[in-house]
Every structure is written in C-alpha cells, then in structure tokens.
Amino acid sequence: MLVVKDLSKSFSSASGDVTALNKVNLTVQTGEFASIIGKSGSGKSTLLSMLGALDIPTSGSIEVDGVDIAKLSAGKQTAYRAKKIGFVFQHYNLIPNLTALENVMLALEFGGVPVKKRKARAEQLLTDVGLEPDEQLRKPPRLSGGQQQRVSIARALANHPAIVLADEPTGNLDSETGKKIFDLLHRLSRSEKTTILAVTHDMDIAGKTDRTFKLKDGKIIA
Ligand SMILES: Nc1ncnc2c1ncn2[C@@H]1O[C@H](COP(=O)(O)OP(=O)(O)O)[C@@H](O)[C@H]1O
Ligand SMILES: [Mg+2]
C-alpha cells in the first residue's frame, strides 16, 4: 500500500519560491491502477518523482508498505528505486544503440539477474508486451513509438517492481495506440499485482482506471 500524507514540495528560483505540491494526501492500494490528471504545471511530474525517490519532499511522508521512503538514506533510496520502482516516460528513454532485447537485458543486469538468465527473461517480457521476435532485435529508431513504449514497459517491469510510475506514457502516441498501451498497463497491473500510477491527459483513458486523482496548483481537488 502507498500512503502519501501532507506531501509538499517547493522549488526556489530567481523569481521566488514555487510550490509544486501543496499538502497532497492520497492512498493507493497494492495492485491498484490509478491515473493522475491535471493541467500542465499542476505538479503531476513532481508527484511522480517524489514517489520514485528521484527527489526529496520539502515536507510530508510517503509510506510504501509501511516504510517512509522520504526518510531513507541516499543509498537506501537508490536501492528502493532499483528494487521497487519501474519508470515509464513520455519519450521512452531507451538506449538508441542497443536493441530492444539489449535494453531490457541491461535493466535485468542492474537488477542483479544472473547473466545466463537475462536473455530468456528479456524475451519473455518483450513477448508479454506484444513485440515479435524480429522486432525484439531492432534498435529503437527502427521501432514505432508504440513499439518503443512497449519496450520501455517491458524494461520497467524487468525486476518485478511493486510500483510502476508512468509520466504521460501515451503523450507521444496517437489515441488508438495510447489506449492499447493503457490496456497493456492495466492487464499487467492485474496479472503481476503491480501498483500503477499513470499521468494522462486523455479523459477516456483516465475513466477506465480504478481511480483518478486530479491535481490543480499542487493540490488534489478530486
Ligand atoms: N526543478 C524545478 N525547479 C523549479 N521549478 C520546478 C521544478 N520542477 C517543477 N517546477 C515547477 O513546479 C510546478 C509543477 O511542475 P510539474 O510537476 O512539472 O507539473 P506537471 O507535470 O503537472 O506539468 C511548475 O510550476 C513547475 O514550473
Ligand atoms: Mg509533467
């Protein structure tokens, strides 16, 4: 279970402080698929980066299965990210000169999977997200946007994360492909009991998730 209490984050800049998150409270059950909506600048990416321990909150707590990740040492936060979190980004963030298979195998290497097991597991993950064997051997520039996002989902799931954080995963895709990607995430959250938080602008898509949080000016308003 993920419990966020009174989470705030401010950034200092030359023109003064910006409050990106203002006392956010939310709870997401294990295995739930939640969407986050809100206008640009409402704090969605900041929230995901706090949940993924990519940045430190100004105040408040983030409990993941009873542990406040905001209070972990830097080393433990890194371990938390590697073991518990899978990230999916709008721009896929794949390594362009590695094949789809090698991208996923690299994530398995970071996760400490023995070298002999990496290839078979990477092939299985890519097959699960719908990539054909010949596509698995292509480098990202030779895959469509939808295919690249499937690879990045396979990579995010490589080490059985408890939580997948997806920041506008369909922002670069046409709406039909975007729906397929969300269907895939939905299916995976069910079969792997993975908790998923995904930012989206598509209200059709948000309406199909278990729960939707709406952010406005750093506050949850619905
Ligand atoms: N590293 C940063 N430094 C300064 N301001 C930031 C930083 N990151 C985000 N912000 C500000 O925080 C607010 C929320 O940003 P963000 O979380 O990226 O919103 P969203 O993802 O909903 O578009 C915005 O006003 C943004 O300009
Ligand atoms: Mg954003």
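**Helix 6 and helix 7.** I started with helix 6 (residues 145–157) and helix 7 (residues 175–192), whose axes come within 10 Å and cross at roughly 20 degrees. That makes helix 6 roughly parallel to helix 7. I noted the crossing as right-handed. On the helix 6 side the contact is made by Gly 145, Gly 146, Gln 149, Ile 153 and Leu 157. Helix 7 brings Thr 177, Lys 180, Ile 181, Leu 184, Leu 185, Leu 188 and Glu 192. By class, I have six nonpolar, four polar and two charged residues in this contact.

**Ground rules.** The model is predicted: local features need pLDDT of at least 70, side-chain atom pairs count only at pLDDT 80 or more, and totals for chains, interfaces and linings use all residues. Residues are numbered from 1 along each chain as its sequence is written, while chains are lettered from A and ligands numbered from 1 in the order in which they are written.

**Terms I used.** Helices (H or I, at least four residues) and strands (E, at least two) are DSSP runs, numbered from the N terminus. Axes are lines fitted to C-alpha atoms, for helices over the stretch in contact, and angles run from 0 to 180 degrees between N-to-C directions. Angles under 35 degrees count as roughly parallel, over 145 as roughly antiparallel, 65 to 115 as roughly perpendicular and the rest as oblique. A crossing is right-handed if the near helix is turned clockwise from the far one by less than a right angle, and left-handed if anticlockwise. Residues are in contact if their C-beta atoms, placed from the backbone, lie within 7 Å. Ala, Val, Leu, Ile, Met, Phe, Trp, Tyr, Cys and Pro count as nonpolar, Asp, Glu, Lys and Arg as charged, and the others, Gly among them, as polar.

**Helix 3 and its partners.** Next I checked helix 3 (residues 100–110) against helix 4 (residues 115–128): the axes come within 9 Å and cross at roughly 120 degrees. The two are therefore oblique to each other. The crossing is right-handed. Their contact has eight nonpolar, no polar and five charged residues.

The axes of helix 3 and helix 6 come within 8 Å and cross at roughly 20 degrees. These two are therefore roughly parallel to each other. Here Ala 100, Asn 103, Val 104 and Ala 107 of helix 3 meet Val 151, Ala 154 and Arg 155 of helix 6.

In what order do the six strands of the open sheet lie? I read 6-7-8-3-9-10, with mixed pairing. Two strands pair if DSSP finds at least two bridges between them. Strand 6 (85–89) and strand 10 (219–220) stand at the edges with a single partner strand each, so one side of each lacks a neighbour in the sheet. Strand 6 pairs with strand 7 (residues 163–167) in the parallel sense over five bridges.

Strand 1 runs antiparallel to strand 2, joined by nine bridges. A hairpin of two residues connects them. Strand 1 is also antiparallel to strand 4 (residues 59–64), over five bridges.

**Ligand 1.** Which element gives the most to the shell around ligand 1? I found helix 1, with three residues. The shell includes Gly 41, Ser 42, Gly 43, Lys 44, Ser 45 and Thr 46. A residue is near the ligand if its C-beta atom, placed from the backbone, lies within 6 Å of it. The shell divides into three nonpolar, eight polar and one charged.

Definitions and conventions
Contact = placed C-beta atoms within 7 Å.
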